[in-house]
Each structure stands twice: as C-alpha cells, then as structure tokens.
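This report looks at selected helices and aromatic contacts of one structure. Please keep the sequence and the coordinates at hand while reading.

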Amino acid sequence: GISGAKNIRAYVIIRMESEFRAVFEAIGALSSDSNEEEISSVFSATRNYLSGILGDNRQFLRLYVAICAKVFQLTCKLPYEPIHWLANMGVAGDVISTLCTCISTSSLQGCQEIQVVLKEFCKDVKGSKLEEMLWHDCTHQHLVSQQTLTNVINLPQLLANQLKLELDEVFIPRAFNVTVMSTICNVLSRVAMSTGSHNYTLHNIAYLMSRIITSGDQGAALTHLVSYLDKATLQNMLWQRICCVLIGHFSISAVDTFVEHVLLLTKPSLASSSGACRILGNSLETQRRLTYTLSHKCLLIQCYDSPWLLYNVAGYLRSSLPGQQLMQQTLSNLLKVWSDVSIMCHLDCRHLLHISRAIVLFTCCLGNDNMLSSHMCSDMFRQLMQGTQHHMSNPMVDQRSVAMRLAECVSQKLVNNGKPLQFEIAETEETLLLASMATPIAEQEEQLSCKRLERSSQHQSKNQYVDHVIQPTGNVQMREDSDDDDDDLVPFDMTSHDTPNVPHYLREAISNILEGKGNQLLNTLEALPNLIKSHPHDLAEVCDELCKVLLHCYSEESRTLTKQAIVSLICSCPVQTANYLINQFCCHGYNTDQRLFVLDVLSASCQHLSSSYDLEGANQFFPVAGHFFYPLLKCFEQLEVDELIAAHVIHTLAHVVHCAALSLSSGKMSEHLLELLAQYKSHQSAFVRQSTLCGISIVITSTSLPPKWLPFTRDWLKDVVDNDSNHHCRSLASASIQLLQQ
C-alpha cells in the first residue's frame, strides 16, 4: 500500500516535469533583450499549452502567476496583459503577493512598473481588483490568505523603501489606508445588499481592518469608517449585525482604538438609538475586550477634555441589561478610586475631572433607570463621604469646588429619606457642567447640542493670570524746556517684576509646589535640581514626599522641569527614589502618560548615573543597577498593561542593562532580560516585537550573549527576517544577525 502510493506519486511528478519541460525551455530563452512581441508570443503559447494540460482551474492560474514573475525577473519587463487577465480570473490575491515579493529584488524601473499595476489594482473605484478579491473571499469563492492581506497593508512601506521620492501619492500611508478602508466599505455594502443564500465570512475583512486600525496612520481611515457605519446603521438594521461580527473578529488593540473613535466621533447621546449604540450593538456580549475598554481604559487609564465620550459610554451601557450591570460595577470602581486618598494624589487635574464627570453621569443614568439598590446606595454613600472628607483638604480651590459639587449631585440620587449634602461653592464652568450632567435624562438630551459641547470640550486653565497694563488716563505732553521735570510721567507698575520666590529649603519647595501658583511653581521647579544637589540634611527624610509631590504636579507645561528635578533626586538618593517610583508605577491610580513619564525618568537617571564617578573613580550606577532592574521586572510581570506600556518597559529594562554593561551584575540581568524577550517575541503588536529586537541588539552589544542562548537567538532572528510582516522588525533582526556574526 504505502510503497505503491509512493511509486504512483513519483510517476506523476516525473510525467508533470516532462510535460512542462517545453514551457521551461521557452521561458528560459527570454532575456532583458527580448522585445514585447517575443514575450507576448511566449505567454500566448504557454497559456494555451498549460490550459490544455491542466484546464482553467486554480492550479493552472497559480502556476501562470509564477511564470509571470519568472518572466519579469528575466526580462525586467512587467507583463501587463497576462497580469490583468489573471486578476480577472479570480487570483488577484496571488498576483498581489507575487508582485510584493518582486518589489525587493527589482530595479527602480521595475518597481515603478509594479507601482503602476498595483495602483490600478487598489484604486478607490467600484469594482476594483482589490474589491473583487475581498468580495470573492467573503462569498467563499476564492479564499485569501492573511499573508496576502498583510502584503496589501505593507504596500506603502515596501514601495517607499525602493522608490523613495518616486513614490506615488496614492501609496502615502494615510491616503492608502483611506483607500483600502473605502474599498472595505464597498465590499460590506455588497454583503448588506445581497439577497442570496451565501454563508458570508467576514474574518479576513476584520483582519484587514484590524491591521489598518492599529497602523500609525489610521486617523483619517477610522474617521471615514465611523462616518460610513453611522449612516449605514441608521438606514439598514442588517448593518448592526455586520458591525457586531466585525468587532467580534477584531484584535485586542484594534478593539480599543476602534471603540475610542466611535465614542468620540459619533454624535453624543444618552438614547439607545445613538450612533455609538447602533455601531457597537450587542458586541458587549461577543467581544470580551469591550468590557475592559469601556469600564477601565476609557475612564481610569485615559482621560479626555471633552465630555462627549462619556455621554456615549453611558448611553451605550444603559441600553442593555449587561451594560447596566457593567455600569454599576464601573461606578463602584470609580467611587473607590475617587475616595482613595493615595490614588487621588497621583491623578492630575484633567484626569480627576474626567472621573468626576463619569461618576455624576453614571449615577444620574442608574438613578433615572431605578438601577440603584438600597445596599448599593448605602455602600456608595459611605465611599462618597470618605472621599469628600479627603477632597475637602485639597489645597487646590478648583478641585475642591468640583469635589463638593460632585458630592451634592451624587448625594441627591443616593439619599431618599434625608437631606442631601450642600456646600457653598463658587461657581465655575466645570461645576456648572457637573450640575447639568446630574439633571434628568430627558433634559440632558435637549441640552446636548454641538455648540454647547464644543464650548465645554475646550481645555480651561486651572490658574488664570491677568496682565495689568497701566495706560495713561490723560494726555502726556513732553516739554522740551524741562527735561528734568518728570511730574507728568506715569509711574511704571513693578508688581510683575518682583524677585521670584526661590525656595532655600526642601519643605519650602514642597509647599510652593502644592500651592501651584504659576510663576512660583515654575521658579521652584527650576531651582530644585541645584537645591537637591546641595545635599541638605533632611534630603533622605523628605525624599519620598518630594517625589510624590513632583509626580502629582506633573503636566505637559512643566514636564521638562519636573523631569530634571526627579532625575536630580534619583541621583542623590538612587535606591530610595527608584524603589518609590517603581512602586508607584505598579499602582492602579496612574494613567498611561504618567507611567510613560516614570519610565522616561528612570531611563534618564540610569544614563546620568552611569556617566558619573565618585572620588575613587568608581561608577555610581554599578552598585545600584539591580535596584532599577529587578523591581521593575517583577512589577511588569505582575501588572496587566497595554502594548504601549509593555514596549516602553522592555526598552527601559534594556537601557538599564546597557548602562550597567561593565558591572559584575550585567550578565545575570542579561539572562533575565532574555527570558522576558523570549516571552514577547511573537507578540501581535509590531511595536512590542520591535522593542524585543532592540533589547536583543543591546544584549549582544553590551554584554556577551550566554552560549545557551546563542542557538535560540539565531533561529529567532532568522525566523523574523523570513516571516515577520513588519519591515522595521525584519531590518532590526537583520542588523542583529550581523552583530552576532561579528
């Protein structure tokens, strides 16, 4: 049996080789000197010959695609007519994959010819080759591999690497992503309008959309997609089912980005018929990641100046029973964060205001829908009173006013038999907005107009300063005969030219930072590095408190000054401050931007310490390198973070190893780093894979690669070069292989 089957298979292979020998000889006779007539005659004869042997089946068509590629390689002339004929025969995916393979090995002229063909394939018109390819995949006529779809997404990068300034504007990533997304919308429209009995599959469509959504230039494409889906779901209920299926197939990172854009770009509404509700549908039940995105990432990790997103989150959650249950859990978590004094100190003003808005709006929605049980009300009221007590001691007046207004609004919904909390509050735009978010749902729907949301979404500065300009009230007349007489001169206002309040003590600096008054805050931050470098006697005592205050006052305006101050603090008290910062990094009260800031500070401190030496000539970083590496590694393994944080943590750990390259502990740290890199080498995010490859190159250049890791590393890098879809990953892997060979 088995030997007989092998003999039959060998006979078939020999017969096929003899049948195709004439084809191979005809193709091999072509060269770069062959004219178009010779090439055309070879193609015509080859097509007729192979069609007679195999018939017009898919095996023949794929073989014909390979022949086109071989002819292009031999003659440097792209056979336009056979390629278009193949695309019309339903193998456009194979043609695109073959052309992408030819790009890297072709000359400039050859790449320009390929660009012309691909531009024709992917143009944004009805019935384009790309649209037909995706439509055939949806209807199971000709399934497309994910590698082909990856090639489509990588087209701008592949062509730009070869053509550079000769790249057509169609293949600029931003424009190309919009074109592909528009083509996808056309395919989905055909699916929605089809009345046949096809069992459609949208898996590959969702994969292609996920790749676009997670690319670096997805903004315009997502705007186009959300606008299209908003209109389509309003016209046809079937579109809601299509959206639900697509979201169910999205990758985790694509879900986060897509949902965020849906919530921000659709019209804000608390009604169940809103654009966000129509697009997301019942995805809460089919896509588990959506629960985390709505309840945690959009509220606790990220913050937004506009309340637009919050209205859509609340409107979507209150539209279904699972959403209402999730809203109850989310409101309880938000109140826990708001009432926790340690977390409150870590949040900046914008994030605290974002959480306050969410608490008021969610409480109003649940109270309006009678979803607040007596047990839940009592538990929430206890947390509210605890948090109000902490917020009343906040030195910042604006934050204290917002907290008091929140306590008033929430207590009105929680207290049935009794008097709600009341405070004397100086009204600001934020307190008025919170009060409007606590009104009944029907009134809020009337108030939700675009004009009002645009006004409320503008970021208002927490500290406003007025520049007093002294203007003369009368006509000042200069007299030539009395130059010394200055009675008519207007006195100059010197109040804005007072000597800046520079702190001389650390506790004085802490007090100035807590007051947070404009120029005084900036002057204090500017003076802190020199004050810390003077090593005052109470530095170790107030080190943690000063670091805590600096993290709390961090903002984009004072980022550089705050970073310099904390770096100086770490250089003076490295172990104590590094441990404190890493412990705070592990806390759940920080958003993504603050965590990235902590990692940036740690990296800068490592660099500064590694270039500093004591009086005996010893490097100041070598003895403390482990206090930077191992706590951060342990924290990272225990903490659930998104791909952005994961990539930056890997970069930071690799940077620590680089700075400690000549220390005795560098070998051990390198092994631990390699174990971490091995866990993330196949991560779905290209950014994380790039960070792991950067880590490998740092280990190779900074320390000697352990012998037991050499075969694994070599195989890993070769696999990335051969199979990774991201060009930057392949480039990094290729560079690392060269480092290994050296």
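## Helix α31

At the start of α31, a side-chain oxygen of asparagine 591 comes to within 3.3 Å of the backbone nitrogen of aspartate 593, where a polar contact is a pair of N or O atoms within 3.5 Å, one of which, within protein, must be able to donate a hydrogen and the other to accept it, residues adjacent in sequence counting only if both atoms are side-chain atoms. The model is a predicted one, in which local features need pLDDT of at least 70 and side-chain atom pairs count only at pLDDT 80 or more, whereas totals for chains, interfaces and linings use all residues. Residues are numbered from 1 along each chain as its sequence is written, and side-chain values use heavy atoms, with hydrogens and water left out.

Helices are DSSP runs of H or I with at least four residues, numbered from the N terminus. Because 14 of the 19 residues of α31 are buried, the helix is largely enclosed by the rest of the structure (buried means under 20% relative accessible area, exposed over 50%, and partly exposed in between, with a 1.4 Å probe and protein chains only).

## Helix α32

For α32 (residues 625-638), the 14 residues should span 20 Å at 1.5 Å a residue, which agrees with end C-alpha atoms that are 21 Å apart. Its buried residues are Ala625, Phe628, Phe629, Leu632, Leu633, Cys635 and Phe636. Seen down the axis of α32, these buried residues fall within an arc of 165°, so they line one face of the helix; the arc is that of the directions from the helix axis to the C-beta atoms.

On the other side of α32, Lys634, Glu637 and Gln638 are exposed. The cover over the buried residues of α32 includes α29 (559-572), α30 (574-586), α31, α33 (643-659) and α34 (666-680), contact meaning heavy atoms within 4.5 Å.

## Aromatic pairs

The structure holds 8 aromatic pairs, one of which joins phenylalanine 250 and phenylalanine 258 edge-to-face, at 5.4 Å centre to centre and 75° between the planes. Rings of Phe, Tyr and Trp (its six-membered ring) pair if their centres lie within 6.5 Å, and planes under 30 degrees apart count as stacked, over 60 as edge-to-face and the rest as tilted. Both phenylalanine 250 and phenylalanine 258 are buried.

How values were computed: Helix = DSSP H or I, 4+ residues; strand = E, 2+ residues; numbered from the N terminus. Expected span 1.5 Å × (residues − 1).
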